[in-house]
Amino acid sequence: MKIKRILSATLAAAMLLCCCALTACASKPAVPTATDFEVQPGAYRYQDMGDFFVETEQGQYYLGWDQIIRFAEPGSRAFYPLCNKPNCGHGGEDCNAYTDYALGYWNGHLYTTTYGDNGPVVMRMDMDGANHREVGQLPFLTAVDGARHASGELLFHNGSLFYMYDAIETDPEWAMSIYQFDLETGKGRWLFQEDIPLFTYSYGSSYVNICGDDFFFKIANGVTGECTYALGNLKTGRVEATLPDWGDRNSGAMEQDGVLYYFKADAGLCEYDRATGVETVRFPMEEAYTANTCYTRNYILVRSMDTEDFQQCTLWVLDRDYNLLGKAPQEKIGTWFPQPYAITADSIYFWLNGKITHYIDTSDLSNLELLPMPDTSNARVHG
């Protein structure tokens with residue numbers, strides 16, 4: 001059993017966290033402060049969505065493709081393996097920083113998953129990476145022929161781990177499933193089961209947003225290919241509404257005060273009023289093939305993919321009134337574009353070849369230079 005990595009060239013781009021130069025296109029706002037970019041769970045969902053980076057009171061943590069958790073102290077961009085074992089090579093399961101998959105934070109502890117004979121096991125550890133212990137088991141799906149299935153994608157939100165299971169397409173009545181696991185109690189429940197149609201599959205955690213008690217996810221009909229955006233409620237476990245014709249070139253949505261904010265292909269940045277059902281294009285971007293968005297307190301950060309082959313990308317920044325403050329083409333480093341990965345109070349981090357390699361300093365949005373991350377390869381580990 002193997003949980004799929006979501007950081008493909010297309011899906012990783014959906015974890016958009018990007019920034020652009022401030023220009024004379026509009027009046028320049030005040031220099032941004034940490035409060036403009038602070039982590040705000042339940043309001044602006046630009047973290048904890050599968051690209052496993054979390055910011056806590058203890059510092060910043062992320063999980064690389066080498067399955068090693070790295071840590072940087074508050075105010076620092078120097079990430080070290082989260083392990084204080086003497087002479088540890090940080091390359092195997094005996095390392096405190098090693099985990100199988102996923103990284104989340106809740107109430108003073110880190111959470112990951114490992115694999116046992118009965119499927120994924122949720123593990124809790126101390127903030128220094130020590131004292132790993134089991135919290136509970138994630139369930140298997142069982143097909144009518146008895147085959148067991150536990151492949152899917154994960155994200156963390158507000159004390160819960162959400163597991164989006166892939167559909168078992170050998171089952172006569174297959175469909176995606178979503179499971180909510182409580183990180184404190186180890187108990188769980190299935191969500192939206194009565195409202196997810198048969199023969200549907202998930203687009204994965206890159207197209208999921210959780211805002212307060214609302215769970216937004218995109219599903220596709222495995223027969224017709226039609227995409228639908230589902231608006232579920234975590235209190236009731238039911239889907240309250242769906243938006244049809246939601247193509248895979250659209251972004252996920254962020255909700256605030258009953259309004260959805262998102263990019264729509266062949267249109268631009270849009271708002272959808274849930275009370276009236278009216279969609280408004282607020283910032284046309286017809287030239288973008290697809291784009292993903294991040295909404296902070298005062299800014300909208302956008303990365304557009306401008307061609308179908310993803311060989312041209314643009315970084316944008318707007319204020320919350322949709323005044324364009326700047327835009328700039330993104331440049332490749334070697335073969336690939338660095339992928340906007342996570343945003344914190346002082347940095348926009350970029351991901352390349354399985355680890356964070358560059359950042360933009362958010363204290364000076366007039367400077368779009370991607371700065372190299374500090375080299376910690378020969379430095380001490382955390383602790």
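Q: Good. What kind of model is this?

A: This is a predicted model, where local features need pLDDT of at least 70 and side-chain atom pairs count only at pLDDT 80 or more, while totals for chains, interfaces and linings use all residues. Residues are numbered from 1 along each chain as its sequence is written, and side-chain values use heavy atoms, leaving out hydrogens and water.

Q: What is the mean pLDDT of the protein?

A: The mean is 81, and 84% of the residues reach 70 or more. pLDDT is the predictor's confidence in each residue, from 0 to 100.

Q: And where is confidence lowest, and where highest?

A: Helix H1 (residues 9-13) is lowest with a mean of 36, and strand S23 (residues 278-284) is highest at 97. Helices (H or I, at least four residues) and strands (E, at least two) are DSSP runs numbered from the N terminus. Residues 1-29 have pLDDT below 50, and residues 39-49 stay under 50 too. Where pLDDT is low, the predicted coordinates should not be read in detail.

Q: Back to Tyr62 and Phe79. How do their rings meet?

A: Their ring centres are 5.2 Å apart and the planes lie at 75 degrees, so the pair is edge-to-face. Rings of Phe, Tyr and Trp (its six-membered ring) pair if their centres lie within 6.5 Å; planes under 30 degrees apart are stacked, over 60 edge-to-face, and the rest tilted. Tyr62 belongs to strand S2 and Phe79 to the loop between S3 and strand S4 (80-81), so this pair ties together parts 17 residues apart in sequence.

Q: Which other ring does Phe79 pair with?

A: Phe79 also pairs with Tyr349, with centres 5.8 Å apart and planes at 80 degrees, so that pair is edge-to-face. Tyr349 sits in strand S29 (residues 347-352), 270 residues from Phe79. The relative accessible area of Phe79 is 5%, and that of Tyr349 is 0%.

Q: Which residues make up the cluster of ring pairs?

A: Phe53, Tyr62, Trp65, Phe79, Tyr341, Tyr349 and Trp351. The structure holds 27 aromatic pairs.

Q: New topic: which residues touch the most other members of the largest nonpolar core?

A: Phe52, Tyr61, Val122, Leu138, Leu154, Leu161 and Phe181 do, in a core of 33 residues. A nonpolar core is a set of buried Ala, Val, Leu, Ile, Met, Phe, Trp, Tyr and Cys residues joined through side-chain atoms within 4.5 Å. Another core, of 29 residues, lies apart and includes Leu231, Tyr272, Met285 and Trp316.

Q: What are the neighbours of S26?

A: Strand S25 (residues 299-305) pairs with S26 in the antiparallel sense over seven bridges, and Met305 has Cys313 as its bridge partner. Two strands pair if DSSP finds at least two bridges between them. Strand S27 (residues 324-329) is also antiparallel to S26, joined by five bridges, with Val317 opposite Gly326.

Q: What sits between S26 and S27?

A: Four residues, in a hairpin whose turn includes Tyr322, with a positive phi of about 70 degrees.

Technical notes. Buried < 20%, exposed > 50% of the residue type's maximum accessible area, 1.4 Å probe, protein only. Contact = heavy atoms within 4.5 Å.
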